[in-house]
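Work through the exercises below with the model open beside you. Try each task before you read its solution.

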Amino acid sequence: MTYFPEEVVEHIFSFLPSHSDRNTVSLVCKVWYEVERLSRRSVFVGNCYAIRPERAVLRFPNVRALTVKGKPHFADFNLVPPDWGGYAGPWIEAAARSCAGLEELRMKRMVVSDENLELLARSFPRFKALVLISCEGFSTDGLAAIASHCKLLRELDLQENDVDDRGPRWLSFFPDSCTSLVSLNFACIKGEVNSGALERLVARSPNLRSLRLNRSVSVDTLTKILARTPNLEDLGTGNLTDEFQHESYAKLASVLDKCKMLKSLSGFWDASPSCVPFIYPLCHQLTGLNLSYAPTLDYSDLTKMVSRCVKLQRLWVLDCISDKGLQVVATSCKDLQELRVFPSDFYVAGYSAVTEEGLVAISSGCRKLSSLLYFCHQMTNDALNTVAENCPNFIRFRLCILEPKKPDAMTGQPLDEGFGAIVRKCKGLRRLSMSGLLTDKVFMYIGEYAKQLEMLSIAFAGDSDKGMMHVMNGCKHLRKLEIRDSPFGDGALLGNVAKYETMRSLWMSSCNVTFKGCQVLASMMPMLNVEIMNELVGSSEMEENHGDHSKVDKLYVYRTTAGARDDAPNFVKIL
Amino acid sequence: MVMEMMIDAELRLGPPGCDVTVVQPARKKPASAAKRPSSVVRSEASGTDDHDDASPASKVQVVGWPPVRAYRKNAFHAAAEAASARTTAKKGEQGGGLYVKVSMDGAPYLRKVDLRTYDGYRELRDALDVLFGCFSSSSADGGGGGCQFAIAYEDKDGDLMLAGDVPWDMFICSCKKLRIMRGSEAR
């Protein structure tokens with residue numbers, strides 16, 4: 001291979017599909033390292049603190065698409081204190097200095113400021129796509145900067161961000177010359193948008209395939225927009241809360257009818273049941289449907305819609321659908337691959353119309369199911385066993401029983417056997433979240449059978465350090481382990497320290513890990529950052545704290561080549 | 001004789017509905033309730049209800065549990081506020097308990113129950129069983145579903161309906177009065 005000209009080697013590398021493959025070939029020899037790094041077009045940084053931004057961009061100066069992830073996953077549930085970190089600034093600044101050809105930036109759980117967006121907009125003349133997921137720290141002013149300066153913008157996708165709304169003007173900053181939009185998602189913007197500006201923008205975007213509106217967009221505006229976008233493939237609706245107003249909805253129905261390419265629907269913010277019949281003509285062609293923001297639709301509305309969606313592959317609903325509704329899904333949606341059932345009541349043991357029966361029904365009707373997120377009132381080992389038998393193709397299995405430590409609803413036993421069946425039968429399982437009453441036994445099963453597992457989420461589970469050790473020793477491909485409120489202590493933390501260098505990160509909160517244990521870990525493993533967050537503010541209190549034997553509230557451990565980060569707030573102690 | 005024992009006819013001083021405290025089926029508290037992890041936060045609701053410890057599990061809030069993204073929770077919160085503002089504008093009284101009278105065929109006294117304290121039809125049935133003893137096995141004669149009584153209710157239109165057909169949330173909105181009927185009449 002070394003006798004081939006570099007262009008040939010580079011060409012061969014272009015066939016490598018994954019980041020890890022490219023990482024591997026770069027280790028073979030210096031020539032390959034050089035060829036690979038200069039030809040790498042897409043860089044994925046799973047933990048923004050694992051490497052210094054400067055180092056990443058200097059290694060890959062010709063990167064076109066950069067993805068960076070910031071806060072740990074449990075930040076989604078308010079377990080990471082605000083101001084923890086995850087700043088986009090250093091990444092955008094480093095890229096601005098070294099990677100002028102950058103075209104796409106994707107960021108998840110990071111803090112992005114308007115200044116950062118301004119810099120982004122001005123630094124990359126070929127910039128095409130910005131995707132921000134669960135980020136915060138910016139306002140519509142930053143979006144205005146992106147709109148006005150990114151002349152070739154194809155994609156602006158804002159998913160579930162916390163955006164400071166400074167008014168509707170941002171949308172008007174797209175110049176008349178901007179005709180390249182393919183995907184626009186501003187569903188998370190809280191306030192009004194200028195409907196005239198929106199209509200004109202859509203009218204001059206012939207390539208628009210995905211459009212997700214926010215709650216403020218009226219039915220009439222939606223109708224006008226859809227009249228211009230017959231090739232739309234993905235739509236997030238605006239306001240559908242109005243009670244039955246025949247003329248508006250009838251017009252909407254007639255434009256929807258012309259959208260023959262429309263495959264995916266979402267939005268439905270508090271949608272009124274009277275809008276549902278107008279969606280019927282679309283149902284037969286839908287592959288994706290998200291009704292999880294419509295608590296106003298009851299079992300009957302939902303089933304009437306879903307029973308017509310014979311091609312559905314992805315469904316997100318609320319538990320209002322109930323077990324009976326899931327039965328209808330099971331009989332109608334034979335191609336279903338992904339199902340998410342969200343709770344409508346957020347109390348710990350709140351009411352949920354969904355139990356193990358719904359899940360069993362789904363599993364027997366939808367044999368292609370591979371991805372599940374299921375919030376429910378109760379579960380049984382029997383049901384989980386049946387589900388595992390029916391659907392051995394699970395890649396992602398996340399089950400959340402609303403009441404922590406709830407046992408098998410029929411037998412009162414722990415749910416060890418049920419989850420054991422899942423890991424045993426679903427040999428391709430990569431992600432697992434568990435709940436309910438669980439002992440060390442379930443971890444034994446996981447360690448033994450879940451050989452492809454990459455991410456594991458544990459809450460209120462296990463009896464002793466042995467539980468965590470089973471996982472640490474058995475799951476060879478484990479990348480992310482996150483644990484809360486479980487009795488794992490220093491023994492488990494220190495039982496297999498070398499493992500942490502093969503993983504992206506470990507999170508432990510409200511467990512039995514002590515300050516001393518963390519210190520030992522940090523001293524044994526210099527390639528890890530061991531971050532401690534305690535309720536007590538200030539490091540001086542932490543030292544006085546009789547000791548080393550005081551428990552650590554929150555622990556975040558990750559491998560890094562960057563050393564201790566310098567942007568940590570004072571409640572974070574890095575050992 | 002059996003009826004007298006089952007009916008809780010003990011006279012008490014106190015507001016209606018406080019006898020509901022005995023009703024909740026023995027909800028098993030998690031084994032480690034005594035050493036509940038620090039991430040549990042007691043909801044303030046326990047102070048305002050008149051049956052504070054009867055149904056603690058349904059009102060406790062644990063930080064970050066259930067694991068639902070803040071974005072989703074905020075979306076619902078905003079919607080719920082808007083919705084309750086709409087309904088309080090429409091209806092006069094709102095919030096608090098939803099007390100309805102319960103009568104049982106043949107019983108001399110009526111009772112009152114707060115429908116908001118139950119999660120579903122099963123809990124309601126259990127509650128009525130404790131009050132009236134109508135569903136416990138000792139009163140069954142083994143026929144059909146093994147039970148002589150059915151729960152019926154009077155809805156907004158004044159019609160007598162069999163409970164259980166509509167989702168619970170819809171039921172509590174439309175139920176004005178409960179009536180426990182003899183099975184023979186209900187069929």
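Predicted model: local features only at pLDDT ≥ 70, side-chain atom pairs only at ≥ 80, totals over all residues.

Residues are numbered from 1 along each chain as its sequence is written, chains are lettered from A and ligands numbered from 1 in the order in which they are written, and side-chain values use heavy atoms, with hydrogens and water left out.

**Exercise 1. Describe how α8(A) and α9(A) pack.**

Step 1. Two packed helices are described by the angle between their axes and the distance between the axes. Helices are DSSP runs of H or I with at least four residues, strands are runs of E with at least two, and both are numbered from the N terminus. Axes are lines fitted to C-alpha atoms, for helices over the stretch in contact, and angles run from 0 to 180 degrees between N-to-C directions.

Step 2. Helix α8 of chain A spans residues 195-203, and helix α9 of chain A spans residues 219-228. Their axes come within 9 Å and cross at roughly 10 degrees.

Step 3. Angles under 35 degrees count as roughly parallel, over 145 as roughly antiparallel, 65 to 115 as roughly perpendicular and the rest as oblique. α8(A) and α9(A) are therefore roughly parallel to each other.

Step 4. Contact means heavy atoms within 4.5 Å. Leu198(A) and Val202(A) are among the residues of α8(A) that meet α9(A), whose side includes Lys224(A) and Ile225(A).

**Exercise 2. Which residues touch the most other members of the largest nonpolar core?**

Step 1. A nonpolar core is a set of buried Ala, Val, Leu, Ile, Met, Phe, Trp, Tyr and Cys residues joined through side-chain atoms within 4.5 Å. Buried means under 20% relative accessible area, exposed over 50%, partly exposed in between (1.4 Å probe, protein chains only).

Step 2. The core has 197 residues, and Met107(A), Phe397(A), Ile446(A) and Leu481(A) touch the most other members. Helix α11 (residues 276-283) of chain A gives the most to this core, with six residues.

Step 3. Not counting residues up to four places away in sequence, Phe397(A) touches residues including Leu372(A), Phe419(A) and Leu432(A).

Step 4. A second, separate core of 24 residues includes Leu115(B) and Trp168(B).

**Exercise 3. Classify two aromatic pairs.**

Step 1. Rings of Phe, Tyr and Trp (its six-membered ring) pair if their centres lie within 6.5 Å; planes under 30 degrees apart count as stacked, over 60 as edge-to-face and the rest as tilted. The whole structure has 21 aromatic pairs over all chains.

Step 2. Phe74(A) and Phe77(A) have ring centres 6.0 Å apart and planes at 55 degrees, so the pair is tilted. Phe74(A) and Phe77(A) are both buried.

Step 3. Tyr153(B) and Phe171(B) are edge-to-face, with 4.7 Å centre to centre and 90 degrees between the planes. Tyr153(B) lies in strand β5 and Phe171(B) in helix α5 of chain B, 18 residues apart.

**Exercise 4. How many helices and strands does chain B have?**

Step 1. Chain B has six helices and seven strands.

Step 2. Buried residues make up 37% of its 187 residues.
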